[in-house]
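Please take a moment to look over the sequence and the structure below before reading on.

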Amino acid sequence: MLLALPGCTTIGSTLGKPTPTDLIERLLMVSSQRAFARLTQPDGFWDSTVARIDLPVLFGKPGTRVAKVLKSPLFRDKLQHELNVIAEDGARVAAPLVYDAVRGLTVTDALALLRGGNTAATSFLRQSMGPSLVNVMIPELARVMEATDDPLVNQAISALTGVNVNDAAHALALEADNAIWYEIGAQEGEIRQNPETTNDPVLIAALKLPK
């Protein structure tokens, strides 16, 4: 029995032999689902070896009050951790956008992507989506920042001269966007190396073919 990915047609069961585009869709869907499952769990960004977010540049501009506060390693680490936690909410609103993009993906040379490097499909998808994840995350991250009762975040934002919550959310969204794509790419690489973990016979067969 072929694996039916959530929200996807079961490729190959009724449509005959899957095309290279079908296979890229399957690969990206599993990769992104795994990535978002990891990133949206508690401390998902923080515990990831590729997706942990550094403090956005906005928070470390020389001469600002917040830059002086960040000289304390303890404050800096705690603020960084809290921003990684907030990023989880951004990932939750970004996930459906990625899934929809995968389902509607148009690929001119899918075979090249299938035979490409470990993150070939992820890089293609990211390029096709442009800044859409950043744009969808900004309002959600701003909402969470405004609602947070964490004194570290509130102190850091209030110390940013001439910067409002939307600016801080934008800065974090840019970092979260990079982190999300790094995680999806890492998952794609793992699947390419060990396709058996997908339990998808069609994908396994395709990725096991000699390049």
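Predicted model: local features only at pLDDT ≥ 70, side-chain atom pairs only at ≥ 80, totals over all residues.

**From one residue to the whole chain**

Ser-123 counts as partly exposed, because its relative accessibility is 43%, a value that falls between the limit of under 20% for buried residues and the limit of over 50% for exposed ones.

We can now turn to pairs of helices. Two helices that pack together are described by two quantities, the angle between their axes and the distance between those axes. For helix α1 (residues 20-39) and helix α4 (residues 73-103), the angle is about 170° and the axes are 10 Å apart. The two helices α1 and α4 are therefore roughly antiparallel to each other, since angles over 145 degrees are counted in that way. On the α1 side, the residues in contact are Glu-25, Leu-28, Met-29, Ser-32, Gln-33, Phe-36 and Leu-39, and they meet α4 residues that include Glu-88, Ala-91, Tyr-99 and Arg-103. Sorted by class, this contact of α1 with α4 has ten nonpolar, two polar and three charged residues.

A second pair is formed by helix α7 (residues 132-147) and helix α9 (residues 165-193), whose axes come within 8 Å and cross at roughly 125°. That angle makes α7 oblique to α9, and α7 passes α9 in a right-handed crossing. Among the α7 residues that take part are Leu-133, Met-137, Leu-141 and Glu-146, and among their partners in α9 are Val-165, His-170, Asp-177 and Trp-181. By class, the contact of α7 with α9 has 16 nonpolar, two polar and two charged residues.

What does the protein chain contain when its helices and strands are counted? The chain has ten helices and zero strands, so that, by the way these elements are defined, reading along the sequence gives the pattern α-α-α-α-α-α-α-α-α-α. Of the 211 residues in the protein chain, 49% are buried. Among contacts between residues at least 6 apart in sequence, 78% join residues that are at least 24 apart.

Conventions. Residues numbered from 1 in each chain as written. Heavy atoms only, no water. Axes fitted to C-alpha atoms, helices over the stretch in contact; angles between N-to-C directions. Helix = DSSP H or I, 4+ residues; strand = E, 2+ residues; numbered from the N terminus. Parallel < 35°, antiparallel > 145°, perpendicular 65-115°, else oblique. Left-handed = near helix turned anticlockwise from the far one by under 90°. Contact = heavy atoms within 4.5 Å. Nonpolar A, V, L, I, M, F, W, Y, C, P; charged D, E, K, R; others polar. Buried < 20%, exposed > 50% of the residue type's maximum accessible area, 1.4 Å probe, protein only.
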